[in-house]
Structures are given as structure tokens and as C-alpha cells.
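Here is a short walk through one protein.

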Amino acid sequence: MLQDLVLAIGIPLILLLIAVLVLEHGGESLPPWTRRLSERPSLVWNAGVGLIISLSLVRWWLKR
């Protein structure tokens with residue numbers, strides 16, 4: 001069951017962190033459409049990702 005949690009939560013979190021690091025360190029070398037995406041306010045996106053992660057954790061906890 002712990003393997004399922006790592007697969008469902010851990011891998012997307014690692015990919016998200018890698019993407020954030022790439023955007024922060026290589027902001028000038030990115031294509032124009034990617035630069036526009038990195039400049040937008042991301043409150044809705046962050047809230048959605050947080051909601052998905054928290055609901056996944058609750059679902060995992062209730063199945064235990």
C-alpha cells in the first residue's frame with residue numbers, strides 16, 4: 001500500500017519540483033510561450049494541485 005502512495009503522490013511531486021527548478025534557473029533560455037506561462041499568476045493552479053494531493057492522501061488514508 002505504501003508503494004501505491006509513493007507512485008500516486010511521490011512521482012508527480014518530484015516532477016513538479018523538477019519543472020519549477022527548470023523554470024527558475026532557465027527562464028531566459030525558454031521558448032516564448034513557456035516564458036509567458038511562467039509569468040502568469042498561479043494561485044488557481046497551485047490551489048488545484050494542492051487539492052489533488054490532499055484528496056489523494058485522504059483517499060489513501062481512508063483505504064488503510
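The text below goes from the overall fold to a single contact.

This is a predicted model, in which local features need pLDDT of at least 70, side-chain atom pairs count only at pLDDT 80 or more, and totals for chains, interfaces and linings use all residues. Residues are numbered from 1 along each chain as its sequence is written, and side-chain values use heavy atoms, with hydrogens and water left out.

The protein has three helices and zero strands. Helices (H or I, at least four residues) and strands (E, at least two) are DSSP runs, numbered from the N terminus. Along the sequence the pattern reads α-α-α. Of the 64 residues, 12% are buried (under 20% relative accessible area; exposed is over 50%, partly exposed in between; 1.4 Å probe, protein chains only).

Now take L16. It sits in helix α1 (residues 2-25). V49 lies 33 residues from L16 in sequence, and their C-alpha atoms are 9.7 Å apart.

Next comes the helix pair. α1 packs with helix α3 (residues 43-63) at about 170°, the axes being 10 Å apart. Axes are lines fitted to C-alpha atoms, for helices over the stretch in contact, and angles run from 0 to 180 degrees between N-to-C directions. The two helices, α1 and α3, are therefore roughly antiparallel (angles over 145 degrees).

Which residues meet? From α1 come L2, L5, I9, L13 and L16; from α3 come V49, I53, S56, L57 and W60. Contact means heavy atoms within 4.5 Å.

Methods
Angles under 35 degrees count as roughly parallel, over 145 as roughly antiparallel, 65 to 115 as roughly perpendicular and the rest as oblique.
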